[in-house]
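Open your viewer and get ready to click. This tour tells you what to select at each stop and what you will find there.

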Amino acid sequence: MQLANRLVYLLRCSNRKPHEFRVFTQFTASISSLKVAWRKDSKLDQAIEDDKKWKHCARVVKEVLNEPGQVIPLHYLEKRRERLKLPVKIKTFLDLNPGLFDTYMDRVRPKSDPVAFIRPSDRLRQFLEEESSIYVKNENFLVSKLCKLLMMSKDKVVSADKLVQVKREFGFPNDFLVNLVPKYPEYFNLIGEPGEGKSFLQLVTWNPEFVKSVIELRAEEESRLTGIRTRPAFNWKLPPGFFIRKEVREWIRDWMELPYISPYNDVSHLDQSSREMEKRTVGFFHELLSLSIYKRVPIDILGKFSDEYRFSNAFSNVFTRHSGIFYMSLKCGIKTAMLREAYKDSELIDRDPLLEIKDKFLELLAEGHKQKADRLRLQREMVQKDMKMMSVSNTGLDYHKYEEELLDEEVDAELSTLTSS
């Protein structure tokens, strides 16, 4: 009641008109009361669907590489199929994805019968070497990314175990706490032993070069290209067919006019329910998703960092409330926050340098699929040739003469190929 009386007093003092007062009081309403209906975006959902197949392969590869000696009996792996979320049996998976593993016979125990084992193929081992070289090439980029994650946190400290859980989302190598972090004592201090739930990664030095967000860097680049000062702002655009209520559009329009607040700034003085804090929260999630490899992170993973980054348990409402900036996918039964501006339809256009690893892995899978297709084509041709020979034999024609004609056709085809190349 006191707040309402205060607003009336301010209205009279400023000679505001009644309709202006209505808009003014709308801004003082609780941000959480702004409801925006969720709507499906099929194109962004397709981006998640497109990655399912190769991610199944990556999970199996990781499982085998984590085994002693990097070998495992086939029937052991079959028992883990449900945990690996494989939709087919392991034998079918290996047949669909040749080139990943070699199969051989061995004994589980000295006197047991031989069973099928699998181990990484030579081509997969070559990929693993390529992966390591990509990490080395992008080491400075990885360091800056890790520093940024710490710099945005409340106390410049983040649980090391939680960082390990999100290493895939942000592109960190498996051994980053062991091999990367100790190389940069000027930036990082690892407290405790990872894996025990009580280890933390602490920022040692605040590097001003890492402070600028993606939004601020984009504004600077636009200013440089146009010669006109561009203020940092979010890209806000709904896809065709999306609609939000008029009062929400008006709120967002005026909210967008508020000054941008960097996620690296200290905001301890801001009211948690204020529009300014909402601006900072949106800026934080925008920067966090920008740092991720695929510009998307599952909601449950983000929720693990609520203490370190000071966001509420209802933080996921931000992604629907600001649906022109974010999209919350429900694909595969998993809520995933996505950055709209990073995608064109279902294609990721804002590519992280570490996506080169995914590209190399897809090349490996494509090579195996091509080899399988070539093998099946040759088998089919052999069967057709045998059927023709059987047909010739049954009709009583000269079998040897027919064989000579077939050989002449193959030679002519080979000469034609060589001439055209």
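For sorting residues by class, Ala, Val, Leu, Ile, Met, Phe, Trp, Tyr, Cys and Pro count as nonpolar, Asp, Glu, Lys and Arg as charged, and the others, Gly among them, as polar. You are looking at a predicted model, where local features need pLDDT of at least 70 and side-chain atom pairs count only at pLDDT 80 or more, while totals for chains, interfaces and linings use all residues. Residues are numbered from 1 along each chain as its sequence is written, and side-chain values use heavy atoms, with hydrogens and water left out.

**Stop 1: the largest cavity**

Select Ala37, Trp38, Arg39, Phe242 and Ser323, which lie nearest the centre of the largest cavity among its 15 lining residues. On a 1 Å grid over the protein atoms alone, a cavity is a set of points where a 1.4 Å probe fits but cannot get out, a pocket is an open set with protein on both sides within 12 Å along at least five of seven lines, and lining residues have an atom within 4 Å of a point. This cavity has a volume of about 100 Å³, a volume being the space filled by probe spheres set on the points, with grid points joined across faces, edges and corners. Its lining has 11 nonpolar, 2 polar and 2 charged residues. Now colour strand β8, which gives the largest share of that lining, 3 residues; strands (E, at least two residues) and helices (H or I, at least four) are DSSP runs numbered from the N terminus.

**Stop 2: between two domains**

Next, select Leu149, Phe170, Leu288 and Tyr309, which are among the residues lining the second largest cavity. What classes of residue make up the lining here? The lining has 10 nonpolar, no polar and no charged residues. Domain 2 (121–210) and domain 3 (213–339) both contribute to the lining, so this cavity lies between them; the domain bounds come from an automatic or database assignment.

**Stop 3: the second largest pocket**

Select Asp41, Pro239, Arg340, Tyr343 and Asp345, the lining residues nearest the centre of the second largest pocket. About 500 Å³ of space lies in this pocket. Its lining is made up of 7 nonpolar, 2 polar and 8 charged residues. Helix α3 and strand β10 (343–344) each supply at least two of the lining residues.

**Stop 4: Phe188**

Finish by selecting Phe188. Leaving aside neighbours within four places in sequence, Phe188 is in contact (heavy atoms within 4.5 Å) with residues including Val143, Leu146, Leu201 and Gln202.
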